[in-house]
Amino acid sequence: MTASTTPASRVEPLFAFWPLAEPEGPPPPRVPWTTETPLCFVGGWEPLSFRQRAGYAWTDEEAAFAEEFSDRALDEYRRLGATSIVIPYAKGFGHAATGSELAQERDIIERAHAKGLRVAVYVRVDALVPETVRDEAPDVDQWLTRGVDGRPNVYHPQQTWRRRVCYSHPGAVAYLESVFRYAVETLKADQLHLDGYHVAFNPASTCRCPRCVESYRQWLKRRYPTPEAVRRAFGMLRIDAAEPPWFEPGGPLP
């Protein structure tokens, strides 16, 4: 990898423990351009490497991928009225394994900006591919969610090589922050398209790692701060020993 495609070094995360983090003050003001021009998007955010690994790439997929953000295509998007595009970026393979794609994405952004298009980069935040991320983060397996059976959760039964990330782990948070910083500081992206939060709704796969269990107990303490509040809600419950409800995978909710 060249200097232009090397991600920023990971440091201690700004939000080391998201479930318990409290916002400090109002959000920052929006950048001016978001109110000065309509937002009309055109997008295609699956990297070529992901299409091939997932098994749905056509035999001419490389040629099609090259055309999606060619100068001819960018000019056509502008003619159709688009003011922004969404391009592939982080599908979970890590920076170290995707150096050539990062160079392509930086080139797309430079050409799009020259044509007056804003650019958002796609980031999948809930899942990654440990086998390739280990090259830059040997501790990646510690970041993965643990379901009711104690095993790492997969993204989908047809894509078991994608594992879901636990947002309570500082390593995972630092990794995601480095992905965001690289997009803004090096690729010069205008927006981040963060995808994947909805996958966490499945109660059988909700993370039960030690950090998440402790977060759950602290939430209970804040929600039911007195012994009387606990008694009225639960009858009898030891919050210090409570665990998230147990669900049989695929079974009905109790």
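# Close-up views of a predicted chain

The chain exposes about 14,500 Å², of which carbon and sulfur atoms supply 56%; accessible areas come from the Shrake-Rupley method with a 1.4 Å probe, and for residues only the protein chains shown count as cover. This is a predicted model, in which local features need pLDDT of at least 70, side-chain atom pairs count only at pLDDT 80 or more, and totals for chains, interfaces and linings use all residues. Residues are numbered from 1 along each chain as its sequence is written, and side-chain values use heavy atoms, with hydrogens and water left out.

**Figure 1. The whole chain and its confidence.** The chain has nine helices and seven strands; helices (H or I, at least four residues) and strands (E, at least two) are DSSP runs, numbered from the N terminus. Of its 254 residues, 41% are buried, where buried means under 20% relative accessible area, exposed over 50%, and partly exposed in between (1.4 Å probe, protein chains only). Among contacts with a separation of 6 or more, 74% join residues 24 or more positions apart; a contact means heavy atoms within 4.5 Å. The average pLDDT is 86, and 87% of the residues score at least 70. Residues 1-6 have a pLDDT below 50, and this stretch has 13 contacts in the model beyond near neighbours in sequence. pLDDT is the predictor's confidence in each residue, from 0 to 100. Where pLDDT is low, the predicted coordinates should not be read in detail.

**Figure 2. The largest cavity.** A search of the whole structure finds one cavity of 30 Å³ or more. The largest cavity holds about 160 Å³ of space. Its lining has 21 residues, and those closest to the centre are Ala90, Lys91, Gly92, Gly94 and Tyr175. A cavity is a set of points, on a 1 Å grid over the protein atoms alone, where a 1.4 Å probe fits but cannot get out; lining residues have an atom within 4 Å of a point. Grid points are joined across faces, edges and corners, and a volume is the space filled by probe spheres set on the points. At least two lining residues come from each of β2 (84-90), α5 (99-114), β3 (118-124), β4 (127-128) and α7 (170-186). The most come from α7, which gives three.

**Figure 3. Val125 between two strands.** Val125 lies in the loop between β3 and β4. Val125 counts as buried because its relative accessible area is 2%. Its contacts, leaving aside neighbours within four places in sequence, are Val165, Tyr167, Leu176, Phe180, Leu194, Asp195 and Tyr197. Leu194 is 69 residues from Val125 in sequence, yet their C-alpha atoms are 6.4 Å apart.

**Figure 4. Cys212 in helix α8.** Cys212 belongs to helix α8 (residues 210-223). With a relative accessible area of 15%, Cys212 is buried. Beyond four places in sequence, Cys212 is in contact with Cys166, Ser168 and Cys207.

**Figure 5. Lys188 in a loop.** Lys188 is in the loop between α7 and β7 (191-195). Lys188 is partly exposed, at 47% relative accessibility. Although Lys188 is not a glycine, its phi is positive, about 65°. Most residues other than glycine have a negative phi.

Note on methods:
On a 1 Å grid over the protein atoms alone, a cavity is a set of points where a 1.4 Å probe fits but cannot get out, and a pocket is an open set with protein on both sides within 12 Å along at least five of seven lines; lining residues have an atom within 4 Å of a point.
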